[in-house]
Amino acid sequence: MSMDVIKRNNVCIQGDGDSILLYAHGFGCSQAMWNRITPEFNASHKQILFDYVGSGQSDLSAFSVNRYSSLEGYAQDVIDICDALNLQENVTFVGHSVSCSIGLIASLLCPRFFNQFILIGASPCFINVPPDYMGGFEREDLIDLLALMDQNYLGWANYLAPIVAGEPQGGAISGELSNSFCSTDPLVAKVFAKATFFADNREEFSRVLKPCLILQNSHDSLAPVRIGEYMHQQLKNSQLTIFDIAGHCAHMTHPELVIEAMKNYVTL
Amino acid sequence: MPMNQSIRCLTILVIDESLVIDLVNKSLTYFGHSVVAFNNINNALNAFKANPLIFDVVIVDQKYSEIVKSLFYPNDDLDARILLKNIFGVIHETPFLIWGDTIDSTELIFSQETAIYLLNKNYNALKTIGNWLNVIAQENHSISAVDKENEGEVYQLIYASKAIEDLSENDLISILTGARQSNQSTHITGTLIYHRGFFLQIIEGDKASITALFYSQIANDRRHYNVTIFHEGYALKREFPNWQMGFYGTSGNESYSLLGLTDFKKHPAGQFFRRYLTQIQKHFLHFELDDFDYLPCLILITDKNGIILKVNSELLILIGKERDDVEGKSINELFPPAGRIFLQTYVWTMLCHQGNVNEIHLKLTGQHNTRIPVILNCKRGVFEGVESYFWVFVVSVERDKFEVEILESQRRTESLLKTIFHISPNGYLLIDDNQRILFANDMIAQLIECSLEDLYFLSSGDEFWKHLACYSQKDLSIPQKIGETRYFELLKPRLIKLVCSMQSIVLSNGKVLGNLFYFNDITKEEESNRIKAEFLTHASHELRTPLASIHGYSELLEHGMISIESQPSVVHIIYEQSTWLIAMVDELLDLHRIETRSGHGFEKNNYFFNELIHETLAEFSVPKERQAVILSTFQDLTGIELYVDKIKFKQVIHAIIDNAYKYSPNGGNVSLYTRINTASNALEIEITDEGLGVAESDIPLIFERFFRVDKSGNIPGIGLGLTIAKEIMFFLNGEIDFNSIPNQGSRVVVRFYL
């Protein structure tokens with residue numbers, strides 16, 4: 001079973017140390033997105049990287065629409081990995097974007113693994129829920145997004161029949177796809193997009209008591225500063241750092257800032 | 001006023017797209033006249049209509065001549081005289097020249113004939129044009145718009161303004177006429193208006209008036225981009241927010257009047273102007289920008305954070321924004337929300353990851369919040385020494401429509417296929433040569449107890465067969481060749497019997513799409529065959545028993561083996577047995593008849609319900625040693641009528657009561673209740689017994705043909721009574737419910753909807 005999970009989620013381990021950094025990629029990506037961060041921690045930490053089922057080099061045959069239609073399914077991937085690796089309570093979970101919600105959900109389902117959280121560009125809910133909460137997007141915007149995804153996949157997805165390239169790992173097709181998108185499959189991406197952008201995890205965030213470092217960017221249209229402040233308020237034991245940069249992927253565009261903030265936090 | 005006394009400045013309306021570039025060139029030599037060019041006849045006419053008085057001459061391309069004629073020359077009078085009264089309510093005399101036969105459009109030279117024609121018309125303005133044009137024809141000469149008599153320093157203010165299309169025609173006209181009228185000491189000596197909405201204006205005057213005009217009207221008008229003031233001694237360049245200003249001077253020795261006699265090409269101002277115009281021409285009058293400014297695509301450069309450093313005019317025009325509204329802002333702001341998410345989650349991660357993206361479909365936010373479909377290619381590079389991203393968008397409105405169409409049609413086909421295959425009780429599974437599952441219907445997914453969507457995530461066809469094999473006790477033998485058929489038995493949890501066969505799907509181009517496995521569920525078929533076989537055994541037994549006794553007794557009679565006194569009872573037995581036989585055969589025929597005739601032949605009438613019940617019970621012969629049916633009702637049903645076929649009604653009730661007695665061999669009451677069920681608006685007859693009852697698993701089969709609860713054969717019957725009753729009830733607008741508890745008895749409700 002444990003080997004299955006390792007293979008299923010393409011779990012890769014690098015570095016050495018007593019403390020563990022568990023990295024979880026965001027929507028539309030794979031573990032490759034962390035490759036500007038991990039070299040810095042190889043000497044000090046054991047680092048665990050993985051792809052959610054359906055993303056990156058994971059085992060597509062393990063994908064189930066039912067399971068992965070809600071963030072709990074992805075959280076279960078995280079828990080499965082912790083279980084399979086027999087991790088103890090010394091994991092620092094490093095999540096980007098939707099993975100922050102996933103990590104916190106996993107910790108509520110199974111608190112014993114997690115020590116603390118580093119949340120990069122998180123948002124508990126992307127949708128506006130007036131009057132109290134403005135996630136930044138209307139439902140119609142997200143429907144537009146799904147249409148845009150459909151259109152961008154038209155080039156290679158076969159829509160004639162509900163056919164999906166269930167190519168074995170590393171096959172010709174998935175090889176091609178890695179050049180176009182980190183995610184391998186249109187249906188998977190759509191399921192993930194729906195789970196990500198229609199989720200409302202505000203209630204879960206308010207229940208988290210473990211220490212969290214919130215890293216927010218001053219000009220991030222997906223997770224603006226006001227969301228960072230909201231989370232800082234909701235997460236009882238949190239610390240908020242705002243980078244004066246634009247974009248949603250600080251760990252890719254400004255790895256040095258993220259590394260510094262992480263180092264300060266994990267050595268506290 | 002030091003200038004332009006001899007030649008009146010003319011404003012010329014030009015309606016022709018193709019000649020615009022030429023016009024710009026040639027207008028150099030027209031120096032001193034305003035040219036307003038339109039590529040659209042309607043806009044031109046509107047401009048004209050708004051203020052016909054400002055145009056001294058209209059020059060129109062031949063292709064528009066018919067329209068112009070019909071509008072401006074209502075009487076088809078080619079006299080180059082227009083009576084605009086009928087059209088615009090004003091009397092105006094504006095001469096028209098029509099391009100085409102008479103004018104060489106590439107050289108913009110009037111033919112002799114035209115020139116004579118024009119001269120003969122004796123219009124001063126036309127004469128002037130004619131003269132000019134003749135002069136233009138001679139190389140190295142130009143016409144000055146300057147009066148020889150007036151000497152003095154002359155400055156020229158040359159500026160280009162953008163986006164006339166943003167302005168209404170009235171705005172344009174007010175700019176032209178306003179500048180001319182409000183500056184007595186200056187004079188517009190040239191105005192070139194380019195069809196894409198940029199115009200170039202040349203104003204002459206003394207230093208003070210030019211400077212005043214510059215600061216009062218032009219410097220603060222953000223529509224103007226590039227301003228140059230010509231004058232000797234000024235090599236000064238001053239930075240202005242949007243444009244560059246320079247002073248260029250004429251030679252001090254050169255009097256103003258000389259300008260007019262000087263070969264324009266040789267004159268420093270002329271050279272500068274020429275060079276300047278060439279540049280403008282080259283840049284579509286977009287000034288100051290790099291070469292990519294006139295490429296037919298949208299280009300922008302951002303820093304690595306997505307802040308826009310540079311943008312080309314095509315993009316600005318398309319989205320209807322000012323340069324200042326775009327440069328320095330985040331690229332996000334060009335996109336609607338969905339596009340922003342896509343940009344952040346896909347495009348940027350890919351750009352960070354591999355430095356480029358290709359053929360991404362996005363939508364830009366256009367004017368009035370419209371969506372403009374574009375295709376994006378972007379790559380990392382270096383701009384002015386800094387790591388940057390180069391973004392190129394191509395507008396894809398047509399392609400977008402086409403793709404949406406394809407997508408829709410594919411969805412339609414998909415839904416159609418899905419629906420058709422969904423309702424099929426048989427399974428279809430298409431696997432290609434690489435073992436990929438290309439198609440499957442719901443039945444296939446149900447076979448391995450997963451959802452159809454999840455089925456597609458199985459990594460291969462082998463995976464499917466492996467899953468399927470889990471339900472089989474034996475190894476599955478899968479068809480390997482076209483036309484091969486295999487038989488599977490699956491336990492899930494009921495036994496399912498399948499016949500699986502294989503066919504190839506060959507596309508019209510001869511390529512093999514894959515192998516189609518066709519699963520035929522034969523469980524029911526097998527079951528019905530089994531029931532039939534059982535019936536045959538049973539029926540032949542049932543038929544044989546009375547026949548055997550008839551045959552045996554008649555044989556004894558024939559051989560005189562029966563004593564005279566016993567003979568009546570033997571004959572009676574034969575009679576009874578044959579009656580039983582006839583009844584049995586009748587039942588079979590009856591069922592067949594009901595089924596084939598679909599209820600035709602029923603003789604329905606209204607009967608009083610109470611009487612019907614009594615009559616029915618009276619005609620039923622209660623088995624020996626059994627009590628009669630206990631009849632009870634809790635409602636007064638007097639007067640209630642039922643519209644039925646009386647004989648069939650009795651047949652139904654008799655069959656049920658008969659079963660009630662037969663299946664309670666140990667006795668017990670058989671009761672009949674009647675009532676009206678107001679909820680379902682039906683008359684109900686409930687018949688209960690206290691007999692053997694029926695096992696729960698047998699209840700669904702109770703109305704099946706030839707199905708018999710009694711497997712021992714001790715209870716007579718061939719298993720058709722309830723089947724027939726149910727068939728009849730269908731045609732009597734009713735139904736039968738059957739409930740039972742083993743060893744406690746059965747309860748049958750016969751319901752007639754009123």
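**View 1. Asn681(B) sits in a loop between two strands of chain B.** With 9 C-beta neighbours inside 10 Å, Asn681(B) counts as exposed. A residue is buried if 20 or more other C-beta atoms lie within 10 Å of its own, exposed if 12 or fewer, and partly exposed in between, with C-beta atoms placed from the backbone. Helices (H or I, at least four residues) and strands (E, at least two) are DSSP runs, numbered from the N terminus. Asn681(B) is not a glycine, yet has a positive phi of about 50°. This is a predicted model: local features need pLDDT of at least 70, side-chain atom pairs count only at pLDDT 80 or more, and totals for chains, interfaces and linings use all residues. Residues are numbered from 1 along each chain as its sequence is written, while chains are lettered from A and ligands numbered from 1 in the order in which they are written.

**View 2. Glu359(B) has a positive phi inside a strand.** The angle is about 50°, although Glu359(B) is not a glycine. The strand is E15 (residues 356-365) of chain B. Glu359(B) is exposed, with 12 other C-beta atoms within 10 Å.

**View 3. Helices H21 and H22 of chain B cross at roughly 145°.** H21(B) spans residues 646-662 and H22(B) spans residues 721-731. Their axes come within 9 Å. Axes are lines fitted to C-alpha atoms, for helices over the stretch in contact, and angles run from 0 to 180 degrees between N-to-C directions. The crossing is left-handed, meaning that the near helix is turned anticlockwise from the far one by less than a right angle (right-handed if clockwise). From H21(B), the contact takes in Lys648(B), Gln651(B), Val652(B), Ala655(B), Ile656(B), Asp658(B) and Asn659(B). They meet Gly721(B), Leu722(B), Ile724(B), Ala725(B), Ile728(B) and Met729(B) in H22(B). Two residues are in contact if their C-beta atoms, placed from the backbone, lie within 7 Å. By class, this contact of H21(B) with H22(B) has 8 nonpolar, 3 polar and 2 charged residues. Ala, Val, Leu, Ile, Met, Phe, Trp, Tyr, Cys and Pro count as nonpolar, Asp, Glu, Lys and Arg as charged, and the others, Gly among them, as polar.

**View 4. Five strands of chain B form an open antiparallel sheet.** The order is E19-E18-E22-E21-E20. E19 (437-440) and E20 (485-491) are the edge strands, each pairing on one side only. Two strands pair if DSSP finds at least two bridges between them. The twist averages 25° from one strand to the next. E20(B) and E21(B) (residues 495-506) run antiparallel over 7 bridges. Leu490(B) stands opposite Ile496(B) in E21(B).

**View 5. Seven strands of chain A form an open sheet with mixed pairing.** The order is E1-E3-E2-E4-E5-E8-E9. E1 (12-14) and E9 of chain A have a single partner strand each, so one side of each is left without a neighbour in the sheet. The twist averages 20° from strand to strand. E1(A) pairs with E3(A) (residues 46-49) in the antiparallel sense over 3 bridges. Gln14(A) has Gln47(A) in E3(A) as its bridge partner. Helix H3 (residues 98-109) of chain A packs on the sheet and touches E2 (20-24), E4 (91-96) and E5 (114-120) of chain A. The direction of H3(A) makes about 145° with that of E4(A).

**View 6. Chain A meets chain B through 44 residues from chain A and 42 residues from chain B.** On the chain A side, H4 (139-153), E9 (238-246) and H9 (250-253) each supply at least two residues. H4(A) gives the largest share, 7 residues. By class, the side of chain A that touches chain B has 26 nonpolar, 14 polar and 4 charged residues. The model scores ipTM 0.83 and pTM 0.52.

**View 7. Met149(A) is buried in helix H4 of chain A.** Around Met149(A), 24 other C-beta atoms lie within 10 Å. Not counting residues up to four places away in sequence, Met149(A) touches Ala189(A), Lys190(A) and Ala193(A). Leu187(A) is 38 residues from Met149(A) in sequence and 9.9 Å away in space, C-alpha to C-alpha.

**View 8. A cis peptide bond joins Pro130(A) and Pro131(A).** Omega is about 5° for this bond. Pro131(A) lies in the loop between E6 (128-129) and E7 (133-134) of chain A.
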